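Subject: Structure handover

Hello,

The sequence and structure are below. My notes on what was found follow them.

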Amino acid sequence: MSKITQAVLIVASLFAATSPVLAGGCKLHYKLAPGQKWACNFASKNESNVMGQKNVNQSRMVYEYTVSKGPKQGWVTMTARIKSKGSRGPGEMDLSKLRFTADIHSSGEIRNINYTGTVMPDMGEEADQMSPQMKKMMEDSYKMIPEAYKNGVFWFPEVPEEKLEIGDEFDVQRKMGMGNSGSGMQLETVSKQVFTLEDVSQGLAYFSVKERSVTKTGGSMGGSSETKIAGKGNAIFDLQQGMWLELTEKSRAKVHLGGIPGMSTKDHNMNIILKYEMVKK
């Protein structure tokens, strides 16, 4: 072996031993800063078959975010609004009336989620013909809508503090509850996402994602439901921008309805596709 060949091999071996790029690892953290504006293109598709009738529901929305100074170092405050794509028909909710705020840490920890505004339409003369109990029930039902959307708007997963190597995983667990004993319905969801680092290339970290969740509902009107969801997907994190570029999940849901008049107690299946795409404006 020539001296030149030996020198090349020694340099190559030293580079391989010390280069963090070849190790394939990465450190995740959000790089949100006051003055930034972001947009999330959100698309969903649900396919269900209930009582022999196939239903397909699709929706597309844009979540718009403005970042401002947070309550303390390492934190920012995000204000969000929802823009629905496509025209809105008569009687449909106007989600653009809602404003959501939350404090977000560079780790993705989210605190103090709040919202203002209402999506309840003006009932006009119909309101005069309703009983006080019915009015209260409708108001409680419409209040649950922004409660549900606030978790979708601030969907960003909390990331681990330690560096990740290829094959490492981290999980994100969430628990959400809505309604109370005085409203017409109560809902509780417990979910867990597991992110596994598959590759790091050209400043992007690629993950596979698995998710499971259980949602239970019940209410004063009788009846209950339990929805179990299991899904897989993938996600891409931009290490330079400090933000997820994309998260896609395909899931299968099993819905069990109990004690609801006119509805079969047989389990119903649903196929769900969710996709989030973030763009810096």
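Glu 64, Arg 81, Lys 83 and Lys 281 are linked in a network of salt bridges. A salt bridge here is a side-chain nitrogen of Lys or Arg within 4 Å of a carboxyl oxygen of Asp or Glu. This is a predicted model: local features need pLDDT of at least 70, side-chain atom pairs count only at pLDDT 80 or more, and totals for chains, interfaces and linings use all residues. Residues are numbered from 1 along each chain as its sequence is written, and side-chain values use heavy atoms, with hydrogens and water left out.

Glu 64 lies in strand β2 (residues 53-69) and Lys 83 in strand β3 (residues 75-84), so the pair ties together parts that are 19 residues apart in sequence. Strands (E, at least two residues) and helices (H or I, at least four) are DSSP runs, numbered from the N terminus. Glu 64 is buried, with a relative accessible area of 18%, while Lys 83 is partly exposed at 37%. Buried means under 20% relative accessible area, exposed means over 50%, and partly exposed is in between (1.4 Å probe, protein chains only).

By the rule above, the count comes to 9 salt bridges. Side chains of opposite charge can pair when their charged atoms come close.

- Lys 45 and Glu 47 form a salt bridge, with the closest N and O atoms 3.4 Å apart. Lys 45 counts as partly exposed at 28% relative accessibility, and Glu 47 is partly exposed at 26%.
- Glu 109 and Arg 111 meet through their side chains at 2.8 Å, N to O. Glu 109 is partly exposed at 24% relative accessibility, and Arg 111 is partly exposed at 39%.

On the overall layout, the protein has 3 helices and 11 strands. Along the sequence they follow the pattern α-α-β-β-β-β-β-α-β-β-β-β-β-β. Of the 281 residues in the protein, 35% are buried. The accessible surface comes to about 16700 Å², and carbon and sulfur atoms account for 52% of that area. Accessible areas come from the Shrake-Rupley method with a 1.4 Å probe; for residues, only the protein chains shown count as cover. Among contacts between residues at least 6 apart in sequence, 57% join residues at least 24 apart. Contact means heavy atoms within 4.5 Å.

Which residues touch the most other members of the largest nonpolar core? They are Tyr 65, Phe 154, Phe 156, Phe 207 and Trp 244, out of 45 residues in that core. A nonpolar core is a set of buried Ala, Val, Leu, Ile, Met, Phe, Trp, Tyr and Cys residues joined through side-chain atoms within 4.5 Å. Leaving aside residues up to four places away in sequence, Phe 154 touches Tyr 65, Met 78, Ala 80, Phe 100, Thr 101, Ala 102, Ile 104, Ile 110 and Ile 113.

Next, the strands around β7. Strand β6 (residues 169-178) and β7 run antiparallel and are joined by 10 bridges. Two strands pair if DSSP finds at least two bridges between them. Phe 170 stands opposite Phe 195 in β7. β7 also pairs with β8 in the antiparallel sense, over 15 bridges. There, Glu 188 has Lys 216 in β8 as its bridge partner.

Ser 191 is in strand β7 (residues 186-201). Is Ser 191 buried or exposed? Ser 191 is buried, with a relative accessible area of 11%. Not counting residues up to four places away in sequence, Ser 191 touches Val 172, Gln 173, Arg 174, Glu 211, Arg 212 and Ser 213.

β7 and β8 form a hairpin with 2 residues between them. Gln 202 is found in the loop between β7 and β8 (204-218), and has a positive phi of about 50° although it is not a glycine. Most residues other than glycine have a negative phi. Gln 202 counts as exposed, at 80% relative accessibility. Asn 112 also has a positive phi, near 55°, and its place is in strand β5 (residues 110-116).

Regards
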